[in-house]
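Subject: Handing over a model

Hi there,

Here is the structure I promised to pass on to you. Please have a look at it before you read my notes below.

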Amino acid sequence: MKVFDEKKVALKETLQNENCRFSLTTDMWTSNQTLGYIVVTCHFIDAEWKLQKRIIKFIDVKTPHTGVELFNNIQNCIQDWSIEDRLFGITLDNAAANNTMIDLLRKNLVDKNFLPAEGKLLHHRCAGHVINLIVKDGLRVVESVIVNIRESVKYIRGSQSRKQMFKEIIAQEGITCKKKPGLDVVTRWNSTLSMLQTALKYRVAFEKLKSEDQKYTYAPSSDEWEKAAVLCRLLQVFKGATDIVSGSQYSTSNLYFHEMWKIKLALEQESSIEDAEIAMVLKAMKKKFNKYWNKSYVLLCVLVIFDPRYKFKFIDFIFSQSFGTKAKQRFDRVENLV
């Protein structure tokens, strides 16, 4: 504890000597003992223009985890580290309690005249969390397609004789893919994407197995294989965006707009597909995407405008291409904030 206190004093001095504002990321998780914890990480750019981050709080949060309780904990944290007057933004997931907490914190800091732009730049929604919600809403619609492929992979891995039979079929069909079909982790959609992509490379082998093994009853239909291929195209865009905005060694806020825009375009390009089930996937994804896009696009545009490669003209061009008669209204909203 003595070493901890010494390190904390040293870090406090470091933060005080930095001529910048600080941003926080925070997330809650529950232990095996059902205790709730919040971890608060402080991000800043030092005098050498290097991105820095430090965990500044690990809090045991009392139940219930209300917005007021979260606000008290975050406020105590920033006051303890003497960064209350130099806070810029906080990135959070979309829990309702977080929205309440942000409203309380914004009012508190604006009343003290501590926030720029009257606190309009304070709240940032976690990019990875938003993408995760969009994908999950879509995947629920086509669960049957995924289940058949998942059960097919389980089947060939279920015994040594099945593995050998499948291996022989692979050799007969001349499939050269080195990666073997693997199971996904149901709660992680990126692993589901990997499973689907690999299984598609062995589609011919699975179809041959169906004709040779009567016990194999999970074979996806031709229609389901086609749906899986469309899903992979869509999910690959989401995975690419997630990989980029999840980086920790470089600034990601200026990249979020471009990655979300790629997702928007991908959803629009696939909307011409006539398959009813895939159309439902796109509808579910678009609904969730639009919900968070409308809440966050103004902040994302600010970061693009500060990038000398893009500025206002880029936003004006993008909006005119996509929003038609509503483009000027949306552009004015961004311009008024900046």
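My notes on strands, hairpins and surface patches follow.

First, the background: this is a predicted model, in which local features need pLDDT of at least 70 and side-chain atom pairs count only at pLDDT 80 or more, while totals for chains, interfaces and linings use all residues. Residues are numbered from 1 along each chain as its sequence is written, and side-chain values use heavy atoms, with hydrogens and water left out.

Seven of the ten residues in E2 are buried, meaning under 20% relative accessible area; exposed is over 50% and partly exposed lies in between, with a 1.4 Å probe and protein chains only.

E2 pairs with strand E1 (residues 22-30) in the antiparallel sense through eight bridges; pairing requires at least two DSSP bridges between two strands. Within this pair, Leu24 sits opposite Cys42 of E2. Five residues separate E1 and E2 in their hairpin, and Thr34 in the turn has a positive phi of about 60°.

E2 also runs antiparallel to strand E3 (residues 51-61), with ten bridges between them. Thr41 has Ile55 in E3 as its bridge partner, and Phe44 faces Gln52 of E3. The E2-E3 hairpin again has five residues between its strands, and Trp49 there takes a positive phi near 60°.

Patch residues have over 30% relative accessible area and no salt bridge, with nonpolar side chains joined within 5 Å and like charges within 9 Å; a salt bridge puts a Lys or Arg side-chain nitrogen within 4 Å of an Asp or Glu carboxyl oxygen. Ile45 is partly exposed, at 39%.

Lys283, Lys287, Lys291 and Lys295 form a positive patch. Of these, Lys291 lies in helix H11 (residues 276-305) and is partly exposed at 41% relative accessibility.

Best wishes

Key. Accessible areas come from the Shrake-Rupley method with a 1.4 Å probe; for residues, only the protein chains shown count as cover. Lys and Arg count as positive and Asp and Glu as negative; His and the chain ends are not counted. The place of a charge is taken as NZ of Lys, CZ of Arg, CG of Asp or CD of Glu. Helices (H or I, at least four residues) and strands (E, at least two) are DSSP runs, numbered from the N terminus.
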